[in-house]
Amino acid sequence: MPLDQVVPVPVHVEAREGEPFVLRDGMRVVVQDDPAAVSVATLVAARIGRMGGFPVALVTHDDGADGAIVLRLVTDAAELGVPTDLGAELRSEAYRVDVTAGRVVLTAPSGAGLYRAATTLRQAVRREGGRYLLDPGVVLDHPRFAWRGLSLDVARHFFSVPQVRSVLDVMAGYKLNVLHLHLTDDQGWRLQLASRPELTERSGRTAVGGDPGGFYTREDYAHLLAYAAARHIAVVPEIDVPGHINAALHACAELTPSGEPAPAYTGIDVGFSRLHADLPGTEPFLREVFGELAAMTTGRYVHLGGDEVLSMAADEYAALVRTAARHIAAAGKGVVGWQEVAGVLPDGAGQDVVVQYWDEREGAAEVAEAAARGARVLLSPATKVYLDMRYDADSPLGLDWAGHVEVRDSYDWEPLDVLPGVPAAQVVGIEAGLWTETVRTTEDLFWLLLPRLAAVAEVAWSPAARRDWAGFAPRLAAQHTLWDEAGLTWYRSPQVPWS
Ligand code: TNX
């Protein structure tokens, strides 16, 4: 599709006159001898080769001949022409694409920027008479928000490594850069830990409704981190405390007041399970699981949950959340928590804390106060970006406690209006959520994600001035060919003029 049809819409697109660049046998990908650039070049060459059915050479020497896709790293995004006052996180993902009949040049200050450029290129490829073409033009682009995420609940129902890889592929296609994995909940514990093997041994195989469950070994988890990193996506793992903890109470008897393991739970109620600050087993549990999780994780953040603890005194909640946060910080990581932690974090100068806002019915003032104490704020307003909500009353899957969320609801909102008390500079970004109480299969998963995830991605990436529903709907409509090619299910929303 033409460059101006790309989702998320770029900051600046200019179509040029002239012949298209043709993807053809004998073409080359030219790359400097830099590991970050080579990793992107490898993906580009492999993708084109698969699509066209011919081999694509990777070379480090540019002989200037036609038929090349050239990847260039520059030392500063200013060389691309992006605004000089753009923050460092945003600048690192900036890129430029120049397409002429002879060659395609991707320029960026980092591997992440080159990867985003390659993503734009991939959507812009158009098929005509058995050939693959790129129309001439220029794109200059950078993200609006640094954190563009999806939170995936693998605890209520388990999703395997190949299933998560498919989710990462779709995320990468829309320039999302954070996968938040909700690894534990009442119904199951999904990450094997060397310090506590009983967690997955006893609670890895349970799931909502008696469904099969499963868990990631340490090797599986490392593999997911690497697969995500190759797509410039960070993984933020969540172990949810001090509530949503029945799977641990089932596996570790020392965490319950009676000393007896809690029964396994396969329903979908929330708020009934909890840790106990006064039990001797609790502190070692928090130290070991958060210490090990932080040590296994390559990204900047670890998520400690903190949501929906319905039966605990405020001081006990504060003590447990602060203990978990201290063990994460001691391992050199920043802390993310659901909005309920805003009353207790950050509790000291310079703590790297992100508060995730989800429940618009409450908590706005506390989140604003946490921001005033230095927290960054991640926006996940349920009425917009909880992609486990039903599209409408006829949806066969999903919940509806936050109402119905049609595609336009996911798209037509301004992030900075969600929490007027929080300064724009402290809004780190947007994260969609997919809770999986009702989600059991790959088909279920993508039916809820698509098309809404593409809508949220544009809210997170594109400048407000470039966005409007009338312009977005036809661009979104054209995306389904990519989903069909990938064999993904999607929801045929009546709001979108599907071709
Ligand atoms: C609220 S969002 C929850 C989850 C549920 C979800 C269902 C949040 C922090 N907690 O435990 O799965 O609603 O939509």
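Biologist: Let's start with Glu316: does this residue count as buried or exposed?

Modeller: This is a predicted model, where local features need pLDDT of at least 70, side-chain atom pairs count only at pLDDT 80 or more, and totals for chains, interfaces and linings use all residues. Residues are numbered from 1 along each chain as its sequence is written, and side-chain values use heavy atoms, with hydrogens and water left out. Buried means under 20% relative accessible area, exposed over 50% and partly exposed in between (1.4 Å probe, protein chains only). Glu316 has 18% relative accessibility, so this residue counts as buried.

Biologist: Which residue forms a salt bridge with Glu316?

Modeller: A salt bridge here is a side-chain nitrogen of Lys or Arg within 4 Å of a carboxyl oxygen of Asp or Glu. For Glu316 the closest N and O atoms are 2.6 Å apart, and the partner is Arg274.

Biologist: How many residues apart are Glu316 and Arg274?

Modeller: Helices (H or I, at least four residues) and strands (E, at least two) are DSSP runs, numbered from the N terminus. Glu316 belongs to helix 9 (residues 314-330), while Arg274 is in the loop between helix 7 (246-251) and helix 8 (282-296). The pair thus links distant parts of the chain, with a separation of 42 residues.

Biologist: And what is the relative accessible area of Arg274?

Modeller: Like Glu316, which is buried, Arg274 falls in the buried class. The relative accessible area of Arg274 is 15%.

Biologist: Which residues do salt bridges with shared partners join into one network?

Modeller: The whole structure holds 26 salt bridges. Shared partners join some of them into one network, made up of Glu89, Arg300, Asp352 and Arg376.

Biologist: How far apart in sequence are the parts that Arg156 and Glu437 tie together?

Modeller: The side chains of Arg156 and Glu437 form a salt bridge of 3.5 Å, N to O. Arg156 sits in the loop between strand 11 (147-153) and helix 4 (161-173), and Glu437 in the loop between strand 20 (427-434) and helix 13 (442-449), so the parts tied together are apart in sequence by 281 residues.

Biologist: Are Arg156 and Glu437 buried or exposed?

Modeller: Arg156 has 2% relative accessibility, which puts this residue in the buried class. Glu437 has 13% relative accessibility, and so also counts as buried.

Biologist: Which residue in strand 9 is the bridge partner of Arg127?

Modeller: Strand 8 and strand 9 (residues 131-134) pair in the antiparallel sense over three bridges. In strand 9, Arg127 has as its bridge partner Tyr132.

Biologist: How many residues of helix 14 are buried?

Modeller: Helix 14 spans residues 452-461 and is mostly covered. Its buried residues include Arg452, Glu458 and Trp461.

Biologist: Last one: what radius of gyration does the protein chain have?

Modeller: The radius is taken over C-alpha atoms, and the globule rule is 2.2 Å times the number of residues to the power 0.38. For 499 residues, a compact globule would come out near 23 Å, and the protein chain agrees, with 23 Å.

Technical notes. Two strands pair if DSSP finds at least two bridges between them.
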